[in-house]
Amino acid sequence: QRRHRRNDEPAAMTKRLAAAWLLQAAHATDYWMAWPDHYARGGGLGNQLEQLLGRVQCAGDATRTLVLPDLRADRSSMRGDARHHAFEDVFDVPRLRTVANVATWRAMLHDCEGVSFVVEGDEHTCDAFSPPAAYAFSLMKKHARAYAAPSLVQTCVVAPGAVALNKLPRCAVGVDVREFLLLGPCHQEAYKRSAFKSARPCRGLDVASSPCRAGFRWDSALNASSSFLGLVAPRREKTHLAPCAAHALGRLDASEPRARALLTALRASSQLQTVVAHAMKSTGTYDAVHVRLGDFGSLCAKRPKFCPPSDADLARVFAVLDALNNPAPVLLLSDDPNRARDALGNSRVRPVSEILNASLGEASAPGRVAAEMDLAVGARLFVGVACSTVSQLIVKRREALGRPFMLWP
């Protein structure tokens with residue numbers, strides 16, 4: 001009898017190990033990632049975050065973890081790998097994880113033995129995992145030039161319905177797989193309101209099959225919030241505010257609980273928070289103004305909604321601010337701070353670069369923009385540019401916190 005038990009011990013051990021592996025597998029994290037499209041890749045931080053909000057809206061209670069894409073500086077000011085910035089170096093990922101099921105690229109690589117590049121096809125097939133070869137490196141060069149490469153990769157072909165049927169590999173990175181958008185912007189509630197500016201991204205998709213049951217609401221407007229105190233130049237409402245309010249980010253309802261939680265959690269990384277906190281403490285009570293002159297000025301002739309405010313409108317902002325509160329320093333966020341300060345013509349104006357006590361890179365560097373946005377969110381009153389995604393993000397974050405704002409038009 002003793003010998004019988006001893007002979008059964010290897011089999012029993014095998015069963016226990018198998019049970020433990022199955023339990024671990026049952027709790028293993030499944031990932032999905034869709035690299036930013038050409039619109040977000042070519043734009044600044046505001047454009048990238050606008051697209052990300054569309055994709056992360058279903059990650060509050062999703063079973064599959066959304067991989068946050070790394071961020072890029074605007075292509076007009078920086079080139080090559082210097083444009084690349086790890087998401088966790090710019091934003092507070094632990095805080096985001098309290099409200100959404102998200103992870104960074106490096107966290108996924110640490111957790112996954114291999115990464116599956118997913119393409120569309122007629123059947124569900126995957127080749128074997130192997131070290132990255134020419135195809136994988138070509139994909140990385142196109143979509144993620146400066147990302148750390150996975151140690152093992154495979155190519156998986158998925159047939160229509162793979163997302164709805166959950167027939168995706170565990171660590172799935174979509175290669176222009178439109179069906180991946182069913183996990184984010186293309187779900188039952190939001191498919192008619194594209195969650196980024198790319199043209200009609202949900203056209204042709206079976207949105208009813210999306211596993212996302214409730215995302216954000218996209219039926220609001222920039223001037224629909226109780227925190228909106230009016231326009232600095234009301235005469236331009238029709239030509240400026242109306243078309244700018246139609247942008248996806250302008251339509252986001254920041255009072256909806258899921259959106260409010262995410263917008264409140266979206267803040268600069270802990271390292272940048274130290275810089276922001278020091279700037280706030282040294283400045284005291286302050287207002288913030290965003291003035292965008294450079295590229296908007298060049299677009300003005302063909303698209304009036306981008307026309308910057310006139311010098312008279314810029315000078316008028318102080319009368320508007322002082323009618324609401326006692327005079328205070330005004331932090332200036334601008335792509336051309338010297339020109340904007342001259343146009344504003346007031347000694348209270350302090351370009352934000354003079355307030356931050358650390359070198360945060362060029363004007364379009366994501367870390368710098370994130371710190372400036374946090375300063376603007378913390379201001380007593382903010383005056384934003386209606387058609388700027390950076391201003392819209394600041395406005396929506398302030399709306400989520402119940403903080404007042406105005407707009408330039």
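**Note on the predicted model**

1. Helix H10 passes helix H17 in a left-handed crossing (left-handed if the near helix is turned anticlockwise from the far one by less than a right angle, right-handed if clockwise). H10 covers residues 257-265 and H17 residues 389-401; they pack at an angle of about 115 degrees, and their axes lie 9 Å apart. H10 is therefore roughly perpendicular to H17 (under 35 degrees is roughly parallel, over 145 roughly antiparallel, 65 to 115 roughly perpendicular, and the rest oblique). Axes are lines fitted to C-alpha atoms, for helices over the stretch in contact, with angles from 0 to 180 degrees between N-to-C directions. On the H10 side, Arg260, Leu263 and Thr264 meet Lys396, Arg397, Ala400 and Leu401 of H17 (contact: heavy atoms within 4.5 Å).

2. The model is predicted: local features need pLDDT of at least 70 and side-chain atom pairs count only at pLDDT 80 or more, while totals for chains, interfaces and linings use all residues. Residues are numbered from 1 along each chain as its sequence is written, and side-chain values use heavy atoms, with hydrogens and water left out.

3. The protein contains 17 helices and 15 strands (DSSP runs numbered from the N terminus: helices are H or I of at least four residues, strands E of at least two). Of its 409 residues, 53% count as buried (under 20% relative accessible area; exposed is over 50%, partly exposed in between; 1.4 Å probe, protein chains only). Among contacts between residues at least 6 apart in sequence, 73% join residues at least 24 apart.

4. An open sheet of seven strands runs in the order E5-E2-E1-E9-E6-E8-E7, with mixed pairing (two strands pair if DSSP finds at least two bridges between them). Strands E5 (102-104) and E7 (125-126) are at the edges with a single partner strand each, so one side of each has no neighbour in the sheet. Within the sheet, strand E6 (residues 115-120) pairs with E9 in the parallel sense over three bridges. At this pairing, Val118 stands opposite Gly174 in E9.

5. Helix H3 (residues 45-56) touches strand E1 (30-34), strand E2 (64-68) and E5, and its direction makes about 175 degrees with that of E2. Helix H7 (residues 134-143) touches E6 and E8, and its direction makes about 80 degrees with that of E6.

6. The largest nonpolar core comprises 84 residues, and Phe91 and Met373 have the most contacts inside it (a core is a set of buried Ala, Val, Leu, Ile, Met, Phe, Trp, Tyr and Cys residues joined through side-chain atoms within 4.5 Å). Helix H16 (residues 366-377) gives the most to this core, with seven residues. Setting aside residues up to four places away in sequence, Met373 touches Leu45, Leu49, Phe91, Val390, Leu393, Ile394 and Arg397.

7. In helix H13 (residues 311-324), the buried residues are Asp313, Leu314, Val317, Phe318, Val320 and Leu321. They pack against strands E11 (287-291), E12 (330-334), E13 (349-351), E14 (382-384) and E15 (405-407), as well as helix H14 (337-344). Asp313 counts as buried because its relative accessibility is 5%. Apart from neighbours within four places in sequence, Asp313 is in contact with Val232, Ala233, Arg235, Arg236 and Trp408.

8. Arg55 belongs to helix H3 and is buried because its relative accessibility is 8%. The C-alpha atoms of Arg55 and Cys186 are separated by 8.8 Å, although the two residues are 131 residues apart along the chain. Arg251 lies in helix H9 (residues 248-251) and is buried at 15% relative accessibility. Between the C-alpha atoms of Arg251 and Arg217, which are 34 residues apart along the chain, the separation is 8.1 Å.

9. Most residues other than glycine have a negative phi. Asn166, which is not a glycine, has a positive phi of about 55 degrees and lies in the loop between strand E8 (153-158) and strand E9 (171-174). Asp176 likewise has a positive phi, near 55 degrees; its place is in the loop between E9 and strand E10 (228-231). With a relative accessible area of 53%, Asp176 is exposed.
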